[in-house]
Amino acid sequence: MKRTAALAAHGLGRFLPGVEQARTYERRWLRADLLAALTVGAMLVPQGLAYAQIVGVRPVAGLYAGAFAMLAYALFGPSRHLMVGPEAGAAILSATALAPVVAGGGPERLASLAALLALMVGALSLLGGLCRAGALADFLSRPILIGYVNGAALIIIGSQLARMLGLERGSNEFAGQLHEVAANLGRTHEPTLVLGLSIVVALVGMRRFLPRWPAPLVMVVLTTLVAWWFQLEHGGVKVVGPIAAAAPAFGLPSVGFDDVRALLPAAFSLALVNYASSVLAGRIQADHHGYRLDTHQEFLGQAAANLLTGLTQGFPVTGSGSRTAVNASMRGRTQLVGVVAAVAVGVFSLFLTPLLTKLPLVTLGAIVIVAAVYMLEVKPLVTLWRMRPVEAVLAAVTTLGVLFLGILQGILIAVTLSLVDLIRRAAHPHDAVLGEREGLPGWHDVEGHADAETIPGLVVYRFDAPLFFANARFLREQVRHLVAASHPPVRWFVLDASSVFDLDITAAEGLEQVRHALADEDIVFAVAQARAPMRRMLKRSGLTARIGEERLFPTVGAAVRAYLEPRGDTRTAGGGEPVSSSQVH
């Protein structure tokens, strides 16, 4: 009975990770989780208001969206640290998608369409989870992560530049926003700019010298008091104004099938972007804290968050890089952080929003800009350039793609380029001629070991990649050049296949061409250390019979002994001129 209960609890825990976290919760984590929750909630209030305004819905919708998203993700999400809710990138994508569909409709239609978009994103994410599509995360490499984060951070900064200058933002595209700001610099509202820059300086200073203080909340309180005391709105500083504090409405939005069809491409893009950004942020925290992130379950966590926000008249939500980082820095341990933060934000939304009537809009802009600046990954980009320039270029291309083509398009271009680079490397893999070193067992790359010696008349060649259509010609050319460059002439050619874990039909035909060309020159072709998949393919293609069972050796050493013994030669190394793979490139 106990065993059955344990298995049931384990199965439930796999589907509902929040239940497993609650079951294994330790009391010593409580203090840190509560402090992290209050800080995350304090950040979400101004950010939720700001991101709701980006989408174009009522400001309080951003608070409700954050609260419901955190509750849903706490139950279904696999990450112990990821904070889900309104985020700038998703808000900008949503605003861009909704603008042409609203077509002059009023605020109620915009709110309905935003809720529909969230429901569609949730449904597509649910489909991804049910189809076990978490393998998509394997295509999101570190350079893509760096490029995406930098692109998203710059988009966020661009979206708030007009607000910092006291201007109206008309464009939802990065290039358009920069053009608008440049064209209207002469209309800058100087008091707004001074106040915004002062807030930025204060936020940076508090982050540097008072890292545990909820700096965004402090700035919200201080600037609200200053605006109220000095009546800044009468001097032209824009403020939030009255915020409707009505409870969220539960139910399906009033929309038609044409709306669903119009928003489907955007919903698909948002589902992929939300998943990509969330799983990348979640993986960073999982790796840092020593646990495994279930990438399939992440789809279900995103689905739950978006479905619940859609049913409560919200808008699409995703993982927040800034709030997740704050949660981790405050030593939050579990999703109890999200639950407590959601309750705190919910209480504030219902009863305390009148306190924000005088809040300057530039405060929200400054908070978002500072969070985005700290998201920028400049040092990792420099490290990439130093270690592997091609990956630094990939990160830069991702950033430019995200900025000027869109987040999804930028990521897809980067993934495509990553695959092209992978194929390029697989088509021209590392290879090596092997020799013996005195006093050191085994066979070693003669290029990396100057004292390694080859045996006259014998070439032992290692190919460090799967053999497939893209590199079959490369193998044939390498064999031909090695044979032509060898002195004395080659009598045996041994392919060390220890790194060849796969073989396709094109490569099998290429191996037959190699064997046939060597046979024409009276050179024996042998294979050593072939893996099981390769052995099966050799047999199915008939190569085993043509090469000869006696020429398929379990080790390189066995192949070398077979070469030496008929000649009465007991040496294992000596006299010939070493031939390295560098000679044939």
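How many aromatic pairs does the count come to? The count comes to 11 aromatic pairs in this model, which is predicted.

## Aromatic pairs

One of these pairs is made by Tyr-25 and Trp-29, whose ring centres are 5.5 Å apart. Their planes stand at 85 degrees, so the pair is edge-to-face. Tyr-25 is partly exposed, at a relative accessible area of 25%, whereas Trp-29 is buried, at 12%.

Phe-68 and Phe-250 also form an edge-to-face pair, with 5.7 Å from centre to centre and 80 degrees between the planes. This pair links distant parts of the chain, as the two residues are 182 residues apart. Phe-68 belongs to helix α4 (residues 59-76), and Phe-250 sits in the loop between α10 and α11. Phe-68 is buried, with a relative accessible area of 15%. Phe-250 is exposed, with 59%.

Aromatic residues also come together in a cluster, made up of Tyr-461, Phe-463, Phe-474 and Phe-493.

## Salt bridges

Side chains of opposite charge can pair when their charged atoms come close. In this structure the count comes to 13 salt bridges.

| Salt bridge | N to O distance |
|---|---|
| Arg-28 and Glu-26 | 2.6 Å |
| Arg-462 and Asp-464 | 2.7 Å |
| Lys-238 and Glu-168 | 4.0 Å |

Lys-238 is partly exposed, at 36% relative accessibility, and Glu-168 is exposed, at 62%.

How far is each partner of the other two bridges open to the surroundings? Arg-28 counts as exposed because its relative accessibility is 61%, and exposed means over 50%. Arg-462 is buried, with a relative accessible area of 18%, since buried means under 20%. Asp-464 has 23% and is partly exposed.

Salt bridges also link Arg-388, Glu-391, Asp-421, Arg-424 and Arg-425 in a network.

## Domains

The chain is divided into two named parts: domain 1 (29-211 + 222-230 + 257-420) and domain 2 (431-564). Taken over C-alpha atoms, the centres of domain 1 and domain 2 are separated by 53 Å.

## Pockets and cavities

The largest pocket has a volume of about 1000 Å³. Its lining consists of 43 residues, and those nearest its centre are Arg-207, Gly-321, Ser-322, Ala-325 and Met-375. Helix α11 gives the largest share of this lining, seven residues. By class, 27 of the lining residues are nonpolar, 12 are polar and four are charged.

A search of the whole structure also finds three cavities of 30 Å³ or more. The second largest cavity holds about 40 Å³ of space. Which residues line the second largest cavity? They are Arg-58, Ala-61, Tyr-64, Ala-65, Pro-248, Thr-312, Gln-313 and Gly-314. Four residues of this lining are nonpolar, three are polar and one is charged.

## Backbone details

Most residues other than glycine have a negative phi, and most peptide bonds are trans. The following residues are listed against that background.

Gln-313, one of the residues lining the second largest cavity, has a positive phi of about 60 degrees although it is not a glycine. Gln-313 is located in the loop between α12 (295-311) and β2 (318-319).

Gln-529 is not a glycine either, and has a positive phi of about 60 degrees. The loop that holds Gln-529 runs between β7 (524-528) and α21 (532-540). Gln-529 is partly exposed, at 26% relative accessibility.

Where is a cis peptide bond found? It joins His-487 and Pro-488, and its omega is about 0 degrees. Pro-488 is part of the loop between α19 (472-485) and β6 (492-496).

Terms used: Residues are numbered from 1 along each chain as its sequence is written. This is a predicted model: local features need pLDDT of at least 70, side-chain atom pairs count only at pLDDT 80 or more; totals for chains, interfaces and linings use all residues. Side-chain values use heavy atoms; hydrogens and water are left out. On a 1 Å grid over the protein atoms alone, a cavity is a set of points where a 1.4 Å probe fits but cannot get out, and a pocket is an open set with protein on both sides within 12 Å along at least five of seven lines; lining residues have an atom within 4 Å of a point. Grid points are joined across faces, edges and corners, and a volume is the space filled by probe spheres set on the points. Ala, Val, Leu, Ile, Met, Phe, Trp, Tyr, Cys and Pro count as nonpolar, Asp, Glu, Lys and Arg as charged, and the others, Gly among them, as polar. Domain bounds come from an automatic or database domain assignment. A salt bridge is a side-chain nitrogen of Lys or Arg within 4 Å of a carboxyl oxygen of Asp or Glu. Buried means under 20% relative accessible area, exposed over 50%, partly exposed in between (1.4 Å probe, protein chains only). Helices (H or I, at least four residues) and strands (E, at least two) are DSSP runs, numbered from the N terminus. Rings of Phe, Tyr and Trp (its six-membered ring) pair if their centres lie within 6.5 Å; planes under 30 degrees apart count as stacked, over 60 as edge-to-face and the rest as tilted.
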